[in-house]
Amino acid sequence: MPIHQAFHRDMPDAFNLDRAGVWFSLCCGAFDPISLQIVALFDDINTRRDHYEVINDEPTRESFPKVVERIKTLHTHARSRDLSSIFPEGAALTVSYQGTNFELETLFDLVGWIFSVTGKTPDDATPANYYYPLVILYSQWCRTLCAKIEKEPQMVQITWFPQESIKRVCLGSNLDRPKKLRKDAARLKRFTMLHTDGLAEEAELVDHYTGDGGQLIGHCAETFPMLFVKSLGNTVTMTDVKGVAVKPFAALADGLPDKFAVPNTHELRTTLLEDPCDNCKVVLPRLGHINLDNFSIHNL
Ligand SMILES: [Zn+2]
């Protein structure tokens, strides 16, 4: 069952992208039922992994309980307005993606991992009927889980590709809005993984391509999708890898008539979406024969 269909059927409230609705439930309820629903769904996926078609790989499935536990802990912090809930102090969580271990630190990375390993991507998936709605849902749930501390990713990204005959998605977010020290620590962990995989060079720990004041490599929402794809080796044909980055503040803005619809004008695409930055234009091709046009906001 595609992840978004399962979610829609089981918990229509979580599909309410109306910001006013979220705030209403936060202000007027003793608790926020939508974010609790999302966490309850993660629990349900954990106990019924076949039903939700979690990737059939033992190390991935073994990681599920600890990811859900960590999300619950961070969510509890967020609900008590603890600002460390997105960038927690302490160790990152070691989590498997199809047999390769990664260090996941932020709440948004953990939720992105769940989206990346849960649900069979439909054979007829397109940006319009699956990939874009899925990344919008991811954005919304990150926003909802952290609503009490008014945090959300400034950029999210979805990458999609066939792994041999199976369609896959990977989702991630950038590292915006933590305190500088926490952000630097998280970015360094990401950079180290990129460097170990040959996707970043040592000098790029401090050198970057994004101009004065630009972000360093490891910051971007593309980071975990790139690392996950790289870990799959030659089971992925790089020319088939596609993706898009989305700006949640714009894509979930009030007044947009259908937030799940792929933006269909030049103006909307430039407002809601983002082309790979100058860092990603260097790092993405290191995966192999990547076609950067497959990541253009105008080719979605
Ligand atoms: Zn980038």
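Mentor: A term to start with: a residue is buried if 20 or more other C-beta atoms, placed from the backbone, lie within 10 Å of its own, exposed if 12 or fewer, and partly exposed in between. This is a predicted model, where local features need pLDDT of at least 70 and side-chain atom pairs count only at pLDDT 80 or more, while totals for chains, interfaces and linings use all residues. Numbering starts from 1 along each chain as its sequence is written.
Trainee: Is E164 buried or exposed?
Mentor: E164 is exposed, with 10 C-beta neighbours inside 10 Å. The loop between β3 (156–163) and β4 (166–173) holds E164; strands are DSSP runs of E, at least two residues, and helices are runs of H or I, at least four, numbered from the N terminus.
Trainee: What's phi there?
Mentor: Near 50° for E164, a positive value in a residue other than glycine. Most residues other than glycine have a negative phi.
Trainee: And what about phi of E53?
Mentor: Phi of E53 is near 55°, also positive. E53 sits in the loop between α3 (33–47) and α4 (58–79) and is partly exposed, with 17 other C-beta atoms within 10 Å.
Trainee: Switching to the sheet, what's the strand order?
Mentor: The order is β4-β3-β5-β6, an open antiparallel sheet. β4 and β6 (273–274) are at the edges, each with a single partner strand, so one side of each has no neighbour in the sheet. Pairing takes at least two DSSP bridges between strands.
Trainee: How many bridges join β3 and β4?
Mentor: Eight, in the antiparallel sense. T159 has C170 in β4 as its bridge partner.
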